[in-house]
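Visitor: Hi! I'm new to this one, could you show it to me and walk me through it?

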Amino acid sequence: MEFKQATLYGEKKPHILVIDDDEVIRGLIKNNLNDLAHVDTVISGEDGLSYLKSGRETALILLDYLMHGMTGLEFLKHMKSMTALEDIPVLMLTGEEDGSLELQALEAGAVDFIHKPVAVAVMRQRVLNILNYTYLQHSLQDEVERQTKLADKRKEEAEQLFEEMIMALAQAIDAKDHYTHGHSQRVAEYSAQLSYLLGDDPKQVRQIYYMGLLHDIGKIGIPVEIINKPGNLTDEEYAIIKSHSVIGAEVLKPIRISPELMIGARHHHERFDGHGYPDKLSGNDIPRAARIIAVVDAYDAMTSNRSYRKGLTTEKVYNEIARNSGSQFDPEFAGIMLEYLRKEKDSIKESVQEVNN
Ligand SMILES: [Fe+2]
């Protein structure tokens, strides 16, 4: 009899295992499936398990129901309890007309049945269906895994690009302002530190870090002579400097994926008592991250050298933050900043003592 070759599954010929104690059936199956697959045969469930445990990649098992020793059903249950073997599809061969046996086998995990005496054409078609189905299933699984990996990689690359773009922008701000070199980076790091100490989750800490990096981006729009002017600013110049918060928010507005960046830029000069700028917001109306950045921004501004004065000592900065807690700064965040500075001071003192001893 001629069979039409209707294989779909991969180019590699799969391996099929036949488990049957009847030599005639084993021969019949092998002869009639040889063109579709490599067919190996064993004569018992016990031999079948040893064969599978040897690690041969098996695409399908044809399993006799009634055998000496381990029955087909026992073999099936045993096999399905083993993680490495549980996914191999099993086609059951049965001479019984008892439907309850079929049901038991299906419940135990068999995918289909062939009745004895074996109708060769039906057997071939069922085998082909299962091989194709399994092949497609595996291909789909592989494709899903491939696409997931690709998506993860792209996400990682996009995040890296986002971070690098922000770093580049932050450097552009700091390059313009000679006296506050590294200010954006330091504000970002301290703000993230405070956010961490406040118990924020990693996503919030990362967000506040980026907000810190870009809080002064509006300075890009301020004339460099005003930014770097030694000595006091005129009222007009001061008004121009103050506009960096609004300019910054406008610059960051198009970054819709991170709307918080714009908030940090706009509100980091608001004061807790409502006398800040640009919107004169007060208390909890000021976005939380902006209140955190405000403390850190002031801390860094006070400790670094400016065009018109030298940086203040840690002692003076500490006192300034304490004095302005509740007026300029949110008392909660000022408190955390003070605690942080106190710890830092203590650890410096300890290390000085260690050197002296
Ligand atoms: Fe600022």
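This is a predicted model: local features need pLDDT of at least 70, side-chain atom pairs count only at pLDDT 80 or more; totals for chains, interfaces and linings use all residues.

Visitor: How many residues does H6 have, and how far does it reach?
Guide: H6 has 15 residues. From its first C-alpha to its last it reaches 21 Å, close to the 21 Å expected at 1.5 Å a residue.

Visitor: What about Glu189, where does that lie?
Guide: Glu189 lies in helix H6. It counts as partly exposed, because it has 16 C-beta neighbours inside 10 Å, and a residue needs 20 or more to be buried.

Visitor: How far is Glu189 from Ile208 in space?
Guide: Their C-alpha atoms are 9.1 Å apart, while in sequence Glu189 and Ile208 are 19 residues apart.

Visitor: And what follows H6?
Guide: H6 is followed by Gly199, which has a positive phi, near 85°.

Visitor: OK, now H5 and H6. At what angle do their axes cross?
Guide: The axes of H5, residues 120-176, and H6, residues 183-197, cross at roughly 125° and come within 8 Å.

Visitor: Which residues make the contact?
Guide: On the H5 side they are Ala170, Ile173 and Asp174. H6 brings His183, Ser184 and Gln185. Sorted by class, the contact has two nonpolar, three polar and one charged residues.

Visitor: Let me zoom out. Which domains is the protein divided into?
Guide: There is domain 1, covering 15-147, and domain 2, covering 177-347. The C-alpha centres of domain 1 and domain 2 lie 70 Å apart.

Visitor: Next up, H12. How many of its residues are buried?
Guide: In H12, 12 of the 16 residues are buried, so H12 is largely enclosed by the rest of the structure. Among them are Ala289, Ile292, Val295 and Tyr299, along with Arg291, Asp297 and Asp300.

Visitor: How far does H12 reach?
Guide: H12, residues 288-303, reaches 23 Å from its first C-alpha to its last, close to the 22 Å expected at 1.5 Å a residue.

Visitor: Changing topic: is the peptide bond from Tyr277 to Pro278 cis or trans?
Guide: That bond is cis, with omega near 5°. Pro278 sits in the loop between helix H11 (260-267) and H12. Another cis bond runs from Lys116 to Pro117, with omega near -5°. Pro117 is in the loop between strand S5 (112-115) and H5. For background, most peptide bonds are trans.

Visitor: Back to the loop between H11 and H12. What is the phi of Lys280 there?
Guide: Lys280 is in that loop, and its phi is positive, about 50°, although Lys280 is not a glycine. Most residues other than glycine have a negative phi.

Visitor: Is Lys280 buried or partly exposed?
Guide: Lys280 counts as partly exposed, because it has 13 C-beta neighbours inside 10 Å.

Visitor: Last one: where is Arg323, and how far is it from Lys13?
Guide: Arg323 lies in helix H13, residues 314-323. With 12 C-beta neighbours inside 10 Å, Arg323 counts as exposed. The C-alpha atoms of Arg323 and Lys13 are separated by 81 Å, and the two residues are 310 apart along the chain.

How values were computed
Residues are numbered from 1 along each chain as its sequence is written. Domain bounds come from an automatic or database domain assignment. Axes are lines fitted to C-alpha atoms, for helices over the stretch in contact, and angles run from 0 to 180 degrees between N-to-C directions. Helices (H or I, at least four residues) and strands (E, at least two) are DSSP runs, numbered from the N terminus. Two residues are in contact if their C-beta atoms, placed from the backbone, lie within 7 Å. Ala, Val, Leu, Ile, Met, Phe, Trp, Tyr, Cys and Pro count as nonpolar, Asp, Glu, Lys and Arg as charged, and the others, Gly among them, as polar. The expected span of a helix is 1.5 Å times one less than its number of residues.
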